[in-house]
Amino acid sequence: MGFDDDKNNEGPETETQHNMGKTPIAEESGDEHETSLSRHMSESSIAVTEDDDDDVDKKIELGPQDDESLRRWKEQLLGSVDMNSVGETLEPEVKILSLSIKSEGRDDIVLPVPETGDPKGLWFTLKEGSRYRLMFTFQVGHNIVSGLKYTNTVWKTGIKVDSTKEMVGTFSPQAEPYTHEMPEETTPSGLFARGTYSAKTKFVDDDNKIYLDINYTFDIRKEWL
């Protein structure tokens with residue numbers, strides 16, 4: 001029994017010494033594994049970063065495509081106008097040249113629109129109960145005007161009696177003037193309809209830029225003048 005005790009005592013000690021001799025090798029293998037893993041992760045991180053850069057490049061490339069689509073749309077709208085002469089920062093210019101009153105069986109009444117200020121005195125006269133159309137002639141320069149709108153408000157003795165809003169449209173710059181004809185209207189008739197009216201006419205675009213804002217007076221009478 002004494003020998004068994006000695007053997008039992010020697011076994012663990014010998015095994016322990018044997019294992020301790022292998023321990024540095026195991027730790028060295030672990031360090032190499034960790035180093036290899038770290039190197040792999042670093043390479044993976046670099047690969048992901050490069051992929052992200054590719055995605056950013058792809059996103060950046062979308063800008064010119066959008067710009068090109070916008071350019072093609074403008075070219076279609078502008079027609080023969082030189083695109084190089086139409087800048088992104090140039091404001092459109094709309095000049096209202098004249099107002100015409102068209103009534104069947106009569107010559108058109110053409111009224112030049114003042115470049116500055118309001119028309120002086122009585123601007124025109126309408127016959128009571130008559131059918132007529134208003135037609136505006138205008139010119140567009142520099143750039144595209146989007147959503148041009150016409151508004152007109154009429155008062156008699158300080159009371160608003162009529163208000164009109166009309167979408168004229170979107171127009172490209174060109175040398176030739178545009179014309180826009182309003183829907184047919186009928187003037188009121190009767191004793192209380194006749195007299196002097198005041199009115200305010202405006203032309204504005206989608207950006208609320210005002211191209212014309214005038215105040216004027218007109219008469220409704222029994223007969224045309």
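1. Basis and overall make-up. The model under review is predicted. Its chain contains 1 helix and 10 strands, arranged along the sequence in the pattern α-β-β-β-β-β-β-β-β-β-β.

2. Chain totals. Of the 225 residues in the chain, 28% are buried. The accessible surface amounts to about 15,400 Å², and carbon and sulfur atoms hold 51% of that area. Among contacts with a separation of 6 or more, 70% are between residues 24 or more positions apart.

3. Pairing around β5. Strand β5 runs antiparallel to β6, with 10 bridges between the two. Within this pairing, Tyr-150 stands opposite Glu-166 in β6. The hairpin formed by β5 and β6 has 2 residues between the strands, and Thr-157 adopts a positive phi near 50° there. Strand β5 is also joined to β9, again in antiparallel fashion, by 7 bridges. One of the residues concerned is Trp-155, whose bridge partner in β9 is Ser-198.

4. In general, nonpolar side chains of soluble globular proteins tend to be buried together. In this model the largest nonpolar core has 33 residues, and the members touching the most others are Phe-124, Phe-138, Leu-148, Phe-203 and Phe-218. At least two core residues come from each of β1 (93-102), β3, β4 (131-141), β5, β6 (159-171), β9 and β10. Strand β10 is the greatest contributor, with 6 residues.

5. The pair of Phe-124 and Tyr-216. The structure holds 12 aromatic pairs. In one of them, Phe-124 and Tyr-216 are tilted, with 5.9 Å from centre to centre and 40° between the planes. Because Phe-124 belongs to strand β3 (residues 122-127) and Tyr-216 to strand β10 (residues 210-221), this pair ties together parts that are 92 residues apart in sequence. Phe-124 has a relative accessibility of 9% and therefore counts as buried; Tyr-216, at 7%, is buried as well.

6. The pair of Tyr-150 and Phe-203. Here the ring centres are 5.4 Å apart and the planes make an angle of 55°, so this pair too is tilted. Tyr-150 is located in strand β5 (residues 145-156) and Phe-203 in strand β9 (residues 195-204), so parts 53 residues apart in sequence are tied together. Both Tyr-150 and Phe-203 are buried.

7. Surroundings of Phe-124. When residues up to four places away in sequence are not counted, Phe-124 touches Leu-99, Ile-101, Leu-111, Tyr-216, Thr-217, Phe-218 and Asp-219.

8. Thr-201. This residue sits in strand β9. Is Thr-201 buried or exposed? Its relative accessible area is 3%, and with the limit for burial set at under 20%, Thr-201 is therefore buried. The side chain of Thr-201 makes a polar contact of 2.5 Å with the side chain of Asn-152. Beyond its neighbours within four places in sequence, Thr-201 is in contact with Phe-136, Tyr-150, Thr-151, Asn-152, Leu-212, Asp-213, Ile-214 and Tyr-216. This list includes Tyr-150, a member of the tilted pair with Phe-203, and Tyr-216, a member of the tilted pair with Phe-124.

9. Ser-130. The loop between β3 and β4 contains Ser-130, which is buried, with a relative accessible area of 9%. A polar atom of the Ser-130 side chain lies 2.6 Å from the backbone oxygen of Lys-127. With residues up to four places away in sequence left out, Ser-130 touches Glu-185, Thr-186, Thr-187 and Trp-224.

10. Ile-159. This residue is placed in strand β6. Ile-159 has a relative accessibility of 53%; since exposure is set at over 50%, Ile-159 counts as exposed. The C-alpha atoms of Ile-159 and Tyr-197 are separated by 9.8 Å, the two residues being 38 apart along the chain.

Technical notes. Residues are numbered from 1 along each chain as its sequence is written. This is a predicted model: local features need pLDDT of at least 70, side-chain atom pairs count only at pLDDT 80 or more; totals for chains, interfaces and linings use all residues. Side-chain values use heavy atoms; hydrogens and water are left out. Rings of Phe, Tyr and Trp (its six-membered ring) pair if their centres lie within 6.5 Å; planes under 30 degrees apart count as stacked, over 60 as edge-to-face and the rest as tilted. Helices (H or I, at least four residues) and strands (E, at least two) are DSSP runs, numbered from the N terminus. Buried means under 20% relative accessible area, exposed over 50%, partly exposed in between (1.4 Å probe, protein chains only). A nonpolar core is a set of buried Ala, Val, Leu, Ile, Met, Phe, Trp, Tyr and Cys residues joined through side-chain atoms within 4.5 Å. Contact means heavy atoms within 4.5 Å. A polar contact is a pair of N or O atoms within 3.5 Å; within protein, one must be able to donate a hydrogen and the other to accept it, and residues adjacent in sequence count only if both atoms are side-chain atoms. Two strands pair if DSSP finds at least two bridges between them. Accessible areas come from the Shrake-Rupley method with a 1.4 Å probe; for residues, only the protein chains shown count as cover.
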